[in-house]
Amino acid sequence: MQEKEKATGKRQKKNWFQGLKSEFNKIVWTDRPTLVKQTVAVTVITVILAVMISIMDSAILEGINLLVG
């Protein structure tokens with residue numbers, strides 16, 4: 001009985017991995033120029049947001065220091 005359960009478990013794992021492999025084969029990867037454009041866009045937006053957050057943080061800190069001090 002235990003051997004049958006092990007075989008069933010192995011079969012389920014095999015089926016799961018086969019399903020996973022078939023799903024990975026369906027993925028359409030973007031071409032290199034599109035990937036580069038999107039990477040640059042994300043990097044630029046991230047830098048801009050980081051600068052904006054830093055400026056806002058500094059301004060809020062100065063405002064708090066004016067109120068407290």
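Author: Keep in mind that this is a predicted model. The protein chain has two helices and zero strands.

Reader: Why is the pair of W16 and F17 called edge-to-face?

Author: Ring centres must lie within 6.5 Å to pair, and planes over 60 degrees apart count as edge-to-face. The centres of W16 and F17 are 5.0 Å apart and their planes stand at 80°, so the pair is edge-to-face. By this rule there is one aromatic pair.

Reader: What makes W16 exposed? And why does F17 count as exposed?

Author: Exposed means over 50% relative accessible area. W16 has 53%, so W16 is exposed. F17 has 51%, so F17 is exposed as well.

Reader: How do you know that K26 forms a salt bridge with E23?

Author: The cut-off is a side-chain nitrogen within 4 Å of a carboxyl oxygen. In K26 and E23 the closest N and O atoms are 3.2 Å apart, so the contact counts as a salt bridge. The structure holds one salt bridge.

Reader: What percentage of the protein chain is made up of buried residues?

Author: Buried residues make up 0% of its 69 residues. Buried would mean under 20% relative accessible area. The protein chain exposes about 6,900 Å². Carbon and sulfur atoms supply 67% of that area.

Conventions
Residues are numbered from 1 along each chain as its sequence is written. This is a predicted model: local features need pLDDT of at least 70, side-chain atom pairs count only at pLDDT 80 or more; totals for chains, interfaces and linings use all residues. Side-chain values use heavy atoms; hydrogens and water are left out. Rings of Phe, Tyr and Trp (its six-membered ring) pair if their centres lie within 6.5 Å; planes under 30 degrees apart count as stacked, over 60 as edge-to-face and the rest as tilted. Buried means under 20% relative accessible area, exposed over 50%, partly exposed in between (1.4 Å probe, protein chains only). Helices (H or I, at least four residues) and strands (E, at least two) are DSSP runs, numbered from the N terminus. Accessible areas come from the Shrake-Rupley method with a 1.4 Å probe; for residues, only the protein chains shown count as cover.
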